[in-house]
Amino acid sequence: MSIAQNIERITTQLPEGVKLVAVSKFHPVERLLEAYNAGQRIFGENRAQELAAKAPQMPADIEWHFIGHLQKNKVRMIMPWVSTIQSIDSTQLLQLVNKEAARIDRHINVLLQLHVAKEQTKSGFSVNEILEAAVEGAFNNLSNVTIAGVMAMATFTDDLDQVASEFELVYNTFLTLRDKYFANNPAFKEISMGMSDDWPVAVEHGATLVRIGTDIFGQREY
Ligand SMILES: *Cc1c(COP(=O)(O)O)cnc(C)c1O
């Protein structure tokens, strides 16, 4: 199947309102252009250098989402290009992103990354940490970022019941945050979850953004 066929197959299965993020990490810009020419406009990258290298070579109407662990010294590198940073995993990073966006007079969207998977290597706020941060007001008074929702990754496992329970926890945490702390922020509406192996489960549990790489572009060559 071609990239265009894969995108067509996936997008026809996504319910109305669920958007596809094409995760293009490790693939060359020629492959990204194939996806672009098939109508894809949202691309996700997880390494700052790679995003900053590819974005200038691609059409300007692309929405670039950063989805990987973001080191503080790389924020400045991606800031001119990103529309959304999905992987905000600490309040310090959030403050810095706001400051760097202000510095170049940009306004960007961010998602708060929740850690619900079993692997300790994955990053993000625990459910308790995110609620504590909300109570402390860490998500208020940010001039140059809009907090647009949450992002999460499930445990890497074949056990789809486990995956489903993690997505449900993400969904419920999203609802709590929205109703208690973002009631006056209609932009807080996105739930980014689901990858090549589990996106149908994520969609069943309320995902509004799915991040799919392999199922569009094939295996990555590292
Ligand atoms: C690589 C990656 C994806 C896509 O993974 P696939 O299994 O190739 O679909 C999604 N989300 C994040 C955060 C990733 O790093």
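**View 1. An oxygen atom of the ligand lies 2.8 Å from a polar backbone atom of glycine 213.** The model is predicted: local features need pLDDT of at least 70, side-chain atom pairs count only at pLDDT 80 or more, and totals for chains, interfaces and linings use all residues. Residues are numbered from 1 along each chain as its sequence is written, and side-chain values use heavy atoms, with hydrogens and water left out. For threonine 214, a polar side-chain atom is 2.6 Å from an oxygen atom of the ligand. For arginine 220, an N or O atom of the side chain is 2.7 Å from an oxygen atom of the ligand. Of the 390 Å² of accessible area that the ligand has on its own (Shrake-Rupley, 1.4 Å probe), the protein covers 91%.

**View 2. Val23, Lys25, Asn46, Ile67, Met153, Met195, Ser196, Arg211, Ile212, Gly213, Thr214 and Arg220 surround the ligand.** Each has a heavy atom within 4 Å of the ligand. Sorted by class, this shell has five nonpolar, four polar and three charged residues; Gly counts as polar, Lys and Arg as charged, and Val, Ile and Met as nonpolar. Glycine 213, threonine 214 and arginine 220, shown in View 1, are among the surrounding residues.

**View 3. Histidine 205 sits in the loop between helix H8 (199–204) and strand E8 (209–212).** Helices (H or I, at least four residues) and strands (E, at least two) are DSSP runs numbered from the N terminus. The relative accessible area of histidine 205 is 18%, so the residue is buried (under 20%; over 50% is exposed and in between is partly exposed, with a 1.4 Å probe and protein chains only). A polar atom of the histidine 205 side chain is 2.9 Å from the backbone oxygen of valine 201.

**View 4. Glutamine 40 belongs to the loop between helix H2 (29–37) and strand E2 (42–45).** With a relative accessible area of 6%, glutamine 40 is buried. Its side chain reaches the backbone oxygen of isoleucine 42 at 2.8 Å.

**View 5. Glutamine 57 is located in the loop between helix H3 (48–54) and strand E3 (63–66).** Here the relative accessible area is 51%, and glutamine 57 is therefore exposed. The C-alpha atom of glutamine 57 is 9.7 Å from that of leucine 33, a residue 24 positions away along the chain.

Key: Polar contact = N/O pair within 3.5 Å; in protein donor to acceptor, adjacent residues only side chain to side chain.
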